[in-house]
Amino acid sequence: MEQIAYVNGSYVPLSEAKVSVLDRGFLFADGIYEVAAVLDGKLVDNASHLARLERSVGEIRLELPETIARIQEIQKELVARNNLVNGMVYLEVTRGADTGRDFAFPKSVRPTLVMFTAKKDIVGAPSAKTGINVITVPDIRWERRDIKSVALLAQVLAKQAAAEAGAGEAWMIQDGKVTEGGSSSAFILTQDDVIVTRQNGSEILPGCTRKAVVALAEERQLRVEERAFSIDEALAAKEAFITSATVFVQGVVAIDGKKVGSGKPGPLTDRLREIYVEFAKATAV
Ligand code: PDD
């Protein structure tokens, strides 16, 4: 059966889910998105994703066309209509379609809200066992990476370079330090057992999975330091991993072809993955 998408108030077959060529998401990347995981038919850490959505739209002065409560209802309805068990819900809100291509905000134009779902076995993904290779690329993005904007061209190019190199992610580098992955947060475990991930700020997206993993680690008395790290430090680390809604916690076993730690996902990575999956299942709505 064909997937069902949501477009501005209607549930429609995915192939019929369309927006105008004048939509500002299409013309200017004038929009915000969120991706929430679905486990056993329930939304994972969704309050955190919706809080970030509210913050992102506020930062670009875009008014949501629906309340946050209603958005969650639509997400759930879409999961139900698609009989989605494991995967994700994608949602995007743009500043809508005006009658022409004016850069400044249009007046009295209703924002566009679209959603669709995709299947993915995040918990059982083979890469959880093998880990992934990453490559490094310069971080060429704009200066407000804390906003989850749909302007993802730099990440498209970074992740394409990774794919061509047989790697699962690209780590972006600015001033000699890792900012984050193309679509994930970056972590290392130092030789003295400190979990290091870059501090939030305008240089990175405040990852929802990152936030939960940091809190879960701290609750277990694991040492966490939020600061920038270099590739040399990552190559000298015991372990490295990434986090995101679409992979949860995922081991990084090589950077630019050089082995990290044992060359396999490390024990702390495996443990944090288990802890996160447990948290995700226990708190999903
Ligand atoms: N990306 N950093 C960037 C640049 C991201 O695009 C993402 C998520 C993350 C991790 O955030 P979270 O833990 O909230 O998913 C960090 C989503 C999954 C995507 O673009 O598909």
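Student: Where is R141 found, and what makes R141 count as buried?

Tutor: R141 is found in the loop between β7 (132-138) and α5 (153-164). Helices (H or I, at least four residues) and strands (E, at least two) are DSSP runs, numbered from the N terminus. Buried means under 20% relative accessible area, exposed over 50%, and partly exposed in between, with a 1.4 Å probe and protein chains only. R141 has 13% relative accessibility, so R141 counts as buried.

Student: Before we go on, what kind of model is this, and how are residues numbered?

Tutor: This is a predicted model, in which local features need pLDDT of at least 70 and side-chain atom pairs count only at pLDDT 80 or more, while totals for chains, interfaces and linings use all residues. Residues are numbered from 1 along each chain as its sequence is written, and side-chain values use heavy atoms, with hydrogens and water left out.

Student: What makes the pair R141 and D139 a polar contact?

Tutor: A polar contact is a pair of N or O atoms within 3.5 Å; within protein, one must be able to donate a hydrogen and the other to accept it, and residues adjacent in sequence count only if both atoms are side-chain atoms. The side chains of R141 and D139 make such a contact at 2.9 Å.

Student: Now the ligand. Which residues around the ligand come nearest?

Tutor: Y33, R52, E180, C208 and T209 come nearest, out of 21 residues around the ligand. A residue is near a molecule if one of its heavy atoms lies within 4 Å of it.

Student: Which polar atoms of the protein lie by an oxygen atom of the ligand?

Tutor: An N or O atom in the side chain of Y33 is 2.6 Å from a ligand oxygen, and a polar backbone atom of A245 is 2.9 Å from a ligand oxygen. For a ligand nitrogen, look at K148, whose polar side-chain atom lies 3.3 Å away. The protein covers 91% of the 470 Å² of accessible area that the ligand has on its own; such areas come from the Shrake-Rupley method.

Student: Where does the ligand sit, and what is meant by that?

Tutor: The ligand sits in the largest pocket. A pocket, on a 1 Å grid over the protein atoms alone, is an open set of points with protein on both sides within 12 Å along at least five of seven lines. A molecule sits in a pocket if more than half of its atoms lie within 2 Å of its grid points. Two or more residues of the shell around the ligand come from each of β3 (31-39), α2 (46-59), β9 (177-181), α6 and β13 (239-244).

Student: Why is T209 called buried?

Tutor: T209 has 3% relative accessibility, so T209 counts as buried. Across the sequence, T209 and A280 are 71 residues apart, with their C-alpha atoms 9.7 Å apart in space. A280 is one of the buried residues of α8.

Student: What span should helix α8 have?

Tutor: The 17 residues of α8 (267-283) should span 24 Å, and the end C-alpha atoms are 24 Å apart, which agrees.

Student: What makes the phi of N8 worth a remark?

Tutor: Most residues other than glycine have a negative phi. N8 has a positive phi, near 45 degrees, and is not a glycine. N8 lies in the loop between β1 (4-7) and β2 (10-13), and its 44% relative accessibility makes it partly exposed. D193 also has a positive phi, near 60 degrees, and is found in the loop between β10 (185-189) and β11 (194-197); at 41% relative accessibility, D193 counts as partly exposed. Q221, which follows α6, has a positive phi near 65 degrees.

Student: Is I195 buried or exposed, and how do you know?

Tutor: I195, in strand β11, has a relative accessible area of 3%, so I195 is buried. E225 is 30 residues from I195 in sequence, and their C-alpha atoms are 6.1 Å apart. E225 belongs to strand β12 (223-226) and, at 34% relative accessibility, counts as partly exposed.

Student: Why is N83 called exposed?

Tutor: N83 has a relative accessible area of 61%, so N83 is exposed. N83 lies in the loop between α3 (68-81) and β5 (87-94).

Terms used: Accessible areas come from the Shrake-Rupley method with a 1.4 Å probe; for residues, only the protein chains shown count as cover. On a 1 Å grid over the protein atoms alone, a cavity is a set of points where a 1.4 Å probe fits but cannot get out, and a pocket is an open set with protein on both sides within 12 Å along at least five of seven lines; lining residues have an atom within 4 Å of a point. The expected span of a helix is 1.5 Å times one less than its number of residues.
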